[in-house]
Amino acid sequence: MERKELETQVLKMVAAAYKKDAETLSVETSFKDDLGGASVQMVALVSEIENELDAVLMLSDASACNTIGELIDLIEEEL
């Protein structure tokens with residue numbers, strides 16, 4: 001999968017998990033500062049990523065990501 005395609009998919013999943021408009025998100029969006037970083041939403045997001053992209057992520061690794069871009073880097077390593 002191309003990086004741009006992966007970014008688009010992950011941004012949509014983050015938007016759904018955090019109930020935000022995907023248009024307002026970018027790879028620079030911070031989970032903690034911009035999205036509030038609730039762990040329940042991260043659990044839902046990791047589950048969605050695993051189901052949709054067949055990538056196995058450790059919740060602790062995903063939670064350690066500061067930005068959506070870092071999460072995408074992590075997913076790329078797992079694909």
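Ala, Val, Leu, Ile, Met, Phe, Trp, Tyr, Cys and Pro count here as nonpolar, Asp, Glu, Lys and Arg as charged, and the others, Gly among them, as polar. This is a predicted model: local features need pLDDT of at least 70, side-chain atom pairs count only at pLDDT 80 or more, and totals for chains, interfaces and linings use all residues. Residues are numbered from 1 along each chain as its sequence is written, and side-chain values use heavy atoms, with hydrogens and water left out.

**The largest pocket**

A pocket is an open set of points on a 1 Å grid over the protein atoms alone, where a 1.4 Å probe fits, with protein on both sides within 12 Å along at least five of seven lines. Lining residues have an atom within 4 Å of a point. The volume is the space filled by probe spheres set on the points, which are joined across faces, edges and corners. The largest pocket holds about 160 Å³ of space. Its lining has five nonpolar, five polar and one charged residues. Among the lining residues are Y18, F31, K32, M42 and C65. Helices α2 (31-35) and α3 (39-53) each supply at least two lining residues. Helices are DSSP runs (H or I, at least four residues), numbered from the N terminus.

**The salt bridges**

Side chains of opposite charge can pair when their charged atoms come close. A salt bridge here is a side-chain nitrogen of Lys or Arg within 4 Å of a carboxyl oxygen of Asp or Glu. By this rule there are four salt bridges.

K4 and E7 both lie in helix α1, three residues apart, about one turn of the helix. Salt bridges that share partners join R3, K4, E7, D73 and E76 into one network.

**Exposure and spacing**

Buried means under 20% relative accessible area, exposed over 50%, and partly exposed in between (1.4 Å probe, protein chains only). D73 is partly exposed at 34%. R3, at 28%, is partly exposed. E76 is partly exposed at 35%. K4 is exposed at 60%, whereas E7 is buried at 13%. Helix α5 spans residues 68-78 and contains D73.
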